[in-house]
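Me: I have a structure open and have never looked at it before. Can you walk me through it?

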Amino acid sequence: MDKNRPVKFRLRVDIQCGLCGSLTHQQGESLPRFCPCCGGAMERFCLRCQKRAEMYFEEWWPEDDECLRTYSPAKRCSGCNAILEPDGNNQEPGYQN
Ligand SMILES: [Zn+2]
Ligand SMILES: [Zn+2]
């Protein structure tokens with residue numbers, strides 16, 4: 001754990017689309033599964049080991065008590081390290097859940 005992390009801080013979460021690069025501010029509790037801008041899937045599925053790759057995030061602190069996280073789709077599988085290509089067939093605008 002980070003010893004310098006304050007006990008109380010504001011957490012802001014943005015999600016960056018791996019296809020069009022647009023930033024989405026997180027709405028609600030869960031991360032969006034599709035980009036509202038281009039409809040591209042945010043989730044990646046490894047074809048080699050059949051595992052879902054979790055999104056990764058980078059964290060930085062613009063203020064002492066403010067944390068900004070930017071999530072992006074995983075570029076490599078955490079299991080087998082295969083490069084994960086975005087699935088181009090998954091782009092169905094308006095398709096949710
Ligand atoms: Zn997008
Ligand atoms: Zn894999």
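**Walking through the model**

Me: Where is N81?
Reply: N81 sits in the segment after β6. Its backbone has a feature to note: phi is near 70°, a positive value in a residue other than glycine.

Me: Which other non-glycine residue has a positive phi, of about 60°?
Reply: Q50 has that value, and it is not a glycine. Q50 belongs to the loop between β3 and β4, with β4 covering 52-53. Q50 is exposed too, because it has 9 other C-beta atoms within 10 Å.

Me: Back up a bit. How many helices and strands does the protein have?
Reply: Zero helices and six strands. Along the sequence the pattern reads β-β-β-β-β-β.

Me: Which strands make up the open sheet, and in what order?
Reply: Four strands form it, in the order β2-β1-β6-β5, and the pairing is mixed. β2 and β5 (56-63) are the edge strands, each pairing on one side only. From one strand to the next, the twist averages 30°.

Me: Take the pairs one by one. How do β1 and β6 run?
Reply: They run parallel. β1 covers residues 10-16, β6 covers residues 66-72, and six bridges join them. R12 has L68 in β6 as its bridge partner. D14 is partnered with T70, also in β6.

Me: Now β5 and β6. In which sense do they pair?
Reply: In the antiparallel sense, over six bridges. A hairpin joins these two strands through two residues.

Me: Which residues in β6 partner Y56, E58 and E59?
Reply: Y56 has S72 as its bridge partner. E58 stands opposite T70. E59 goes with R69.

Me: Where do side chains point in a strand?
Reply: In a regular strand they alternate between the two faces of the sheet.

Me: How many residues of β5 are buried?
Reply: Zero of its eight residues, so β5 lies largely in the open. Being buried takes 20 or more other C-beta atoms within 10 Å.

Me: Change of topic. Where is Q26?
Reply: Q26 lies in the loop between β2 and β3, and β3 covers 44-45. Q26 counts as partly exposed, because it has 15 C-beta neighbours inside 10 Å.

Me: What does Q26 contact?
Reply: Beyond its neighbours within four places in sequence, Q26 is in contact with V13, D14, I15 and L31. Take I15, which is 11 residues from Q26 along the chain. Their C-alpha atoms are separated by 6.8 Å.

Me: What share of the protein's contacts is between residues 24 or more positions apart?
Reply: 47%, counting contacts with a separation of 6 or more.

Me: What is the mean pLDDT?
Reply: The mean pLDDT of the protein is 84. Of its residues, 81% reach 70 or more.

Me: Where does pLDDT stay under 50?
Reply: Over residues 88-92. For that stretch, the model has five contacts beyond four places in sequence.

Me: How should I read coordinates where pLDDT is low?
Reply: Where pLDDT is low, the predicted coordinates should not be read in detail.

How values were computed. Residues numbered from 1 in each chain as written. Chains lettered and ligands numbered in written order. Predicted model: local features only at pLDDT ≥ 70, side-chain atom pairs only at ≥ 80, totals over all residues. Pairing = 2+ DSSP bridges. Axes fitted to C-alpha atoms, helices over the stretch in contact; angles between N-to-C directions. Contact = placed C-beta atoms within 7 Å. pLDDT = per-residue confidence, 0-100. Buried ≥ 20, exposed ≤ 12 C-beta atoms within 10 Å, placed from the backbone.
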